[in-house]
Amino acid sequence: MTMQESIQELMAFLDYSVTSYHAVEMLQNTLRQEGFTALSEKKRWTLDKGGSYYVARNDSSVMVFRLPDCTTDQIRGFHVYAAHSDSPALKIKEHPEIDREGVYVSINTELYGNMILSTWFDRPLTIAGRVCVEEAGGIVTKTVRLKDNICLIPSLAIHMNRNVNKGVAFSPQSDMLPLLTIMDPAQRGGTAKGILHTLLAQTLKTQEILSYDLYVENCEKAVLAGVEDEFIMTPRYDDLACVFAGLKGILIGKPSQYIDVLAVFDNEEVGSLTRQGADSTFFRDTLENIADALGVDNRSFRTWTADSMMLSADNGHACHPNQGGKADPTNRPYLNGGVVLKYHGGQQYATDAYSAAYVRKLCRDNGISLQTYANHSDIPGGRTLGNLAMAQVSMAAADIGLPQLAMHSAYETGGTKDIAALTRLTALFFGQ
């Protein structure tokens, strides 16, 4: 596959994956087409030598793994690549319709994750997520995406806010509510309640809606930009581009002596404190279920984890063209400069000397461009999945990612060459 074909495939994945539910749905569809077998946490597993499997939790996290084609006593441990399926968005509350001025109908939302609020104004937005419905007396979950451009968040005109370009604090409750529709003149003075339920019922062709996890999302498509199409602009580049690289890597790489695991967690943007987050037991449960199915006792399992390695993949900040002073003086990654290896003195990132050496050697021996990232010492950064997952199962780990601009904007920017470097690194990692 050429770099151009890979970028087009990435853009299609980003366009489809408006929520974590859609991302995991697309992952599972791809895995089935590639011959992977679906497993359930509610049943005991039977695994075959050289087999390929996946298991999902709560529709928004998934563990994908491939067994080496060798005897169990020849397996040395796990090679794990972790990324996250969620991105900042506006989560829709219960009883969402709000009557404004007796004319407008807005949607009551709250912030999911930390986002650059100003970037959400005056963009075409959609409503998407999952809906739980009753079928045959049971509860069934369905992913849903209403039409593109179904709502928007209008800016206040500069004539009414002369200080808007001097720095304005936006209120999520009053300034950020999406506009859904205008009430019919004959209905004005009535109630706006039930509009979203009606839209969902029409889309899903059922009235038996019990509950939902719905988000207002940017529905703009991914595009290439720059003189030579060297940039990709898209919603949710953080962290779905890393998810995509992990998927391609596990499909390409053929394990030799390690069990390959692609771990895609939800809820990283809000702390991972859910049953499908990196701070849950999902990771540990999966590894233990694999060991149990292969007849491996706890002592052998502990020797496996001692010889295991994790790459925690989450994007890093590229040096900004207009704000270079915000970057660290000596660790300054750039778009299209290759994979980013991330360090943090307070261990918000899991990278240490050993894991860094592992990544450096793998990149050096295979001609993969590698950059380093550290926070400017006066500007605290965020944390990622590595250390959270390590609390469940300890192993050597390094934090890596793709360089990008405008992280947590409604529309982010990356480099078109970097995804190939990360995909190749992941495939080589999984092929050991």
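Start by selecting phenylalanine 78: the residue is buried, at a relative accessible area of 0%. Buried stands for under 20% relative accessible area, exposed for over 50%, and partly exposed for what lies in between (1.4 Å probe, protein chains only).

This is a predicted model, in which local features need pLDDT of at least 70, side-chain atom pairs count only at pLDDT 80 or more, and totals for chains, interfaces and linings use all residues. Residues are numbered from 1 along each chain as its sequence is written, and side-chain values use heavy atoms, with hydrogens and water left out.

**Stop 1: aromatic rings**

Rings of Phe, Tyr and Trp (its six-membered ring) pair if their centres lie within 6.5 Å; planes under 30 degrees apart are stacked, over 60 edge-to-face, the rest tilted. Phenylalanine 78 belongs to strand β4 (residues 77-84) and phenylalanine 301 to helix α6 (residues 298-306), 223 residues apart. Helices (H or I, at least four residues) and strands (E, at least two) are DSSP runs, numbered from the N terminus.

The whole structure holds 10 aromatic pairs. Now select Tyr81, Tyr358, Phe429 and Phe430: ring pairs join them into a cluster.

**Stop 2: the cores**

Keep Tyr81 selected. Together with Ile400 and Leu422, Tyr81 has the most contacts inside the largest nonpolar core, which has 49 residues. Such a core is a set of buried Ala, Val, Leu, Ile, Met, Phe, Trp, Tyr and Cys residues joined through side-chain atoms within 4.5 Å. Colour helix α4 (residues 237-252): with 10 residues, α4 gives the most to this core. Another core, of 36 residues, lies apart from it; Met63, Val80, Ile259 and Ala263 are among its members.

**Stop 3: the open sheet**

Show the six strands in the order β8-β7-β10-β5-β6-β9; they form an open sheet with antiparallel pairing. Strands pair if DSSP finds at least two bridges between them. At the edges are β8 (138-145) and β9 (179-182), each with a single partner strand, so one side of each has no neighbour in the sheet. Strand β7 (residues 125-135) pairs with β8 over eight bridges. Zoom in on valine 131, which stands opposite lysine 142 in β8.

**Last stop: a charge over a ring**

Select lysine 91 and tyrosine 215. Lysine 91 lies over the face of tyrosine 215, 5.5 Å from the ring centre. The criterion is NZ of Lys or CZ of Arg within 6 Å of the ring centre and within 35 degrees of the ring normal.
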